[in-house]
Amino acid sequence: MLGRHSKLIVLFIIMAVVISVISGFLPNKFLTLINFQSMASQIPEFGLLAIAMMVTMITGGIDLSVVSITNLCGVISALILTKLVGPEALAVHTGGVIALAIMASIVLSVICGFINGFVVAWFGVPPILATLGTQGLYLGLAIIITKGYGIQDFPEKFLFIGSGKIGVIPMPFVIFVFCALVAALFLSRTKLGLSMNMLGSNPIASRFSGINNSGVLIRTYMISGLLAGISSIIMISRVNSMRPGYGYAYLLQAILVAVLGGTDPSGGYGSILGLAMGIVILQVLQSGFNILSFSPFFKKFIWGVMLLLVMVINFAVAGYQGRAKRRGVRTP
Amino acid sequence: MDRPVPGTLQRTLKRVFRRNESYLFLIVIVFSAVITLINPTFLTLENFFDLTKSSAGMAILAMGVLFVLLSGGIDVSFTAIAIAGQYISVNLLMVSGVDNIGFAFLISCSLGIAMGAVNAFLISLFRLPTLITTLGTLSAFHGAILYFVGTKAVNTGFLPNCFKVFGLKNILVLARPDGTNYGLSVFVLFILGVVVLTWVILRFTILGRGIYAIGGNREAAERSGFNIIGVQFFIYCFVGFLAGIMGVMHVSTIRYSNPNYIVGDELAVIAAVVLGGARITGGSGTILGTLLGVAMINILKKNLIMIGLSSYWEQFFIGLIIIVGVSFTYYQNKVRSSQRLIFIRE
């Protein structure tokens, strides 16, 4: 009826409605610069994870280990930041340590992603199971290294990433927007991006078309890992501490946002624009809930219900457009 | 063709070794042997009884998860159902003053079936992907319990007596050399009951056939006349029922009711079932394998300390076991499929 962009149009309407309702209910607290800045600095953490989730979903898989990768990389970076910076630190020395910490996080996250991709592509393990296993692996490593304790107090300069501002815009938001733009271009304009879409749509057809399924899958999970690594840097910088287990609520939220943003969990379709709108909707609701002082348990309940509601609505819309029958053939 | 025909013994051995359970059984034996060498108290009857009691909960949940996996789905919400059943039955018993363990089971299991029905409703009627749906219901159920019922933990002192009595009940009591007793917990009857029930359903009923059929090929099952919605309702309600049983057993064991417990242990149960050879894509899996998987995970959990590793290594090891265990199976499958030019890997 509305064509290929029906999902995006529906999302836009929902986004407009949600923003209007929340603004209407709480004009004084919501429509302030401080609130927008606060929202803008919270979005990147789960936003990057949502992009990671979307990328893996496009290939028909899922990455349940993104938060564990975040935890592990965060722990390693935190250790580097606290152990290698002495009290007599020079400016150059600190800068070097910070660069090392960031580098370590990125490299480790890509390695974790590679392991994920390797298990999925080379051993043929279904992504659900593979990432379920690696999730335990990475989180377990983080717990072993820290023995469950937290790590605090990072160098001042490092905190700029999480808490600093460029003009009025919080730094993490700038990073996030940059990543989102790169991801959008990547998915629609590069060979690898298009291969991912095709693989997710029909892996057998893509294989016979000459696409190296294994290679694409491995690189998909490496990208997912990379995004998780970037997210971890922002996360530990914003909170100025790190402990294993931090951010576990983000897993459900990332999946929620990916699905809300129109990504098809069985693969083949995903749009950064839709994802961005989904992120905005979620963050606006989150802020609204915070201003209304909702209990974190109630929020947990709401996110769960929302995920289910979104899936049901997607099903209804797809059914209306006559695609449900075909969708029912794929195994969950 | 001049190859000698393999004898019956060779053929049987070959068939046995092709099965996943055989490898797992060997691994469990080897692992137990290694642990016994380090700590001789492992291979005692008392330790065996203790192991049975502590793995009872997981074994029961694993049977439910096996059903779900066989049907080609995956359920991560059973922990929320278990703790919901537990917390509500404890509180209801406290509020009503009734002190009957049967009543507790009734409440917990009914609630479990109801919550399982919610899962079933969403999955069967709307054809939603099972992982994401149950992730949603996990969050919704747990959030609902914590928000609408409360977060106050119930201490041993306030816990109704029936739970404590039930937890300590033994069906077989033996004496140690120093005069004190130890026993085989009544939980073992529950394990046996659930295992037999599962076995009967899977082996002797059309319902069981339906579960395997849906997991094997849903379209084909539908066209063969299986009532997909009915079977799926049964599966998820059964999971809820078992989760309800586990919840009551859990509180009876630890004598402390905290609505934040159990949730988070989904990975371990799924690991056990998958380790036992159940395919995540459905249609394949055995009870024996699942039980071996549960045994393996529990032996590992309890004895990590004995090998010299602290409990921090637990998560890591479970994750590692899953990866290594399933990689082996799925790789074999992949190689075999490509040799036969099969590209749709089920």
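**Entry 1: chain A overall**

I began with burial in chain A: buried residues make up 51% of its 332 residues. I note here that the model is predicted. I then counted secondary structure and found 15 helices and four strands in chain A. The radius of gyration of chain A is 20 Å, close to the 20 Å from the globule rule for 332 residues, so chain A is as compact as a globular protein of that length. Along the principal axes, I got a box of roughly 65 × 55 × 35 Å for the C-alpha atoms of chain A. I also looked at contacts in chain A with a separation of 6 or more, and residues 24 or more positions apart account for 80% of them.

**Entry 2: chain B overall**

I did the corresponding look-up for chain B and found 14 helices and two strands. Its radius of gyration is 21 Å, close to the 20 Å that the globule rule gives for 346 residues, so chain B is as compact as a globular protein of that length. The C-alpha trace of chain B spans about 80 × 55 × 35 Å along its principal axes. I noted that 48% of the 346 residues of chain B count as buried. For contacts in chain B with a separation of 6 or more, residues 24 or more positions apart account for 75%.

**Entry 3: where the chains meet**

I went on to the interface, where 43 residues of chain A are in contact with 48 residues of chain B. On the chain A side, the elements that give two or more residues are helix 6 (127-146), helix 12 (249-260) and helix 14 (296-320). Helix 6 of chain A gives the largest share of that side, 13 residues. I sorted the chain A side by class and got 29 nonpolar, twelve polar and two charged residues.

**Entry 4: A:Leu307**

I picked A:Leu307, which is found in helix 14 of chain A. Is A:Leu307 buried or exposed? I found A:Leu307 buried, because 25 other C-beta atoms lie within 10 Å and the cut-off for buried is 20 or more. Leaving aside its neighbours within four places in sequence, I listed its contacts as A:Leu252, A:Ile255, A:Leu256, A:Val259, B:Ile132 and B:Gly136. I also checked A:Leu307 against A:Asn116: they are 191 residues apart in sequence and 25 Å apart in space, C-alpha to C-alpha.

**Entry 5: helix 3 with helix 8, chain A**

I took helix 3 (residues 33-58) and helix 8 (residues 171-189) of chain A, whose axes come within 8 Å and cross at roughly 30°. That angle makes helix 3 of chain A roughly parallel to helix 8 of chain A. I recorded the crossing of these two helices as left-handed. Among the residues of helix 3 that meet helix 8 are A:Ala40, A:Pro44, A:Gly47 and A:Ile51, and the helix 8 side includes A:Phe173, A:Phe176 and A:Ala183.

**Entry 6: helix 3 with helix 12, chain A**

I then looked at helix 3 against helix 12 of chain A, which pack at an angle of about 60° with their axes 8 Å apart. The two helices are therefore oblique to each other. Helix 3 of chain A passes helix 12 of chain A in a right-handed crossing. From helix 3, the contact residues include A:Glu45, A:Met53, A:Met54 and A:Met57, and from helix 12 they include A:Tyr250, A:Gln253 and A:Ile255. I counted eleven nonpolar, one polar and one charged residues in this contact.

Methods. Residues numbered from 1 in each chain as written. Chains lettered and ligands numbered in written order. Predicted model: local features only at pLDDT ≥ 70, side-chain atom pairs only at ≥ 80, totals over all residues. Contact = placed C-beta atoms within 7 Å. Nonpolar A, V, L, I, M, F, W, Y, C, P; charged D, E, K, R; others polar. Rg over C-alpha atoms; globule rule 2.2 N^0.38 Å. Buried ≥ 20, exposed ≤ 12 C-beta atoms within 10 Å, placed from the backbone. Axes fitted to C-alpha atoms, helices over the stretch in contact; angles between N-to-C directions. Parallel < 35°, antiparallel > 145°, perpendicular 65-115°, else oblique. Left-handed = near helix turned anticlockwise from the far one by under 90°.
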